[in-house]
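The entries follow the order in which I checked them.

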Amino acid sequence: MSIEWKIKPFEALTVTELYDILQLRSRIFVVEQNCVYLDIDGKDKLALHLFGIYEDKIIAHARLFKSGITFDNASIGRVVVDRDYRDRKWGHDLMQNAIAGILEHFGESQITIGAQLYLKKFYENHGFVQSSEMYLEDDIPHIEMIKS
């Protein structure tokens, strides 16, 4: 069985989809990474939500933004894959779909991300290059990266 990818604006998400997305993000970004921060930042309403469903469960998610919302360029954020499925390398599928979604829905090819530093090589594999010095966001080392 393969993963099914969907892209929806906030208003089109079902209550169950939204709940499952927020639960996944909370489980990974708050609990797994032991980081107390406000995940629900008001930007979900402005994003397209890309998510992957496997065996009726949302196991991957990313927010897609047109230029001017998070960065001057289009951007991808809250990139997450459920810990139980990371061995399948679906993070790469998630990024490929996110990059394609930005181009298809916004007509933009230049993308900026705020990446956790330890994932630098992962994002480089998708054409991103470091464009800032390291900075702390919620006590986690991050860098900005751009894909042209």
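**Basis.** I am working from a predicted model, in which local features need pLDDT of at least 70 and side-chain atom pairs count only at pLDDT 80 or more, while totals for chains, interfaces and linings use all residues. I number residues from 1 along each chain as its sequence is written, and the side-chain values use heavy atoms, with hydrogens and water left out.

**Salt bridges.** I looked up the salt bridges, each being a side-chain nitrogen of Lys or Arg within 4 Å of a carboxyl oxygen of Asp or Glu, and found that the structure holds nine. One of them joins the side chains of Lys8 and Glu17, with 2.9 Å from N to O. Both of these residues, Lys8 and Glu17, are buried, a class that means under 20% relative accessible area, with exposed set at over 50% and partly exposed in between (1.4 Å probe, protein chains only).

I then turned to Asp41 and Arg78, whose closest N and O atoms are 3.3 Å apart in a salt bridge. This pair links distant parts of the chain, 37 residues apart, with Asp41 in the loop between α1 (15-32) and β2 (48-54) and Arg78 in strand β4 (residues 74-81); helices (H or I, at least four residues) and strands (E, at least two) are DSSP runs, numbered from the N terminus. Asp41 counts as partly exposed at 32% relative accessibility, whereas Arg78 is buried at 17%.

For Lys57 and Asp82 I noted a salt bridge whose closest N and O atoms are 3.5 Å apart. Here strand β3 (residues 57-65) holds Lys57, and the loop between β4 and α2 (90-106) holds Asp82, 25 residues apart. Lys57 is partly exposed at 30%, and Asp82 is buried at 3%. I also recorded one network, in which salt bridges that share partners join Arg25, Asp41, Asp44, Arg63 and Arg78.

**Nonpolar cores.** A core here is a set of buried Ala, Val, Leu, Ile, Met, Phe, Trp, Tyr and Cys residues joined through side-chain atoms within 4.5 Å. The largest has 26 residues, and Ile76, Ile113, Tyr123 and Phe128 have the most contacts inside it. At least two residues of this core come from each of β2, β3, β4, α2, β5 (111-116), α3 (120-124) and β8 (140-147), and α2 supplies the largest share, six residues.
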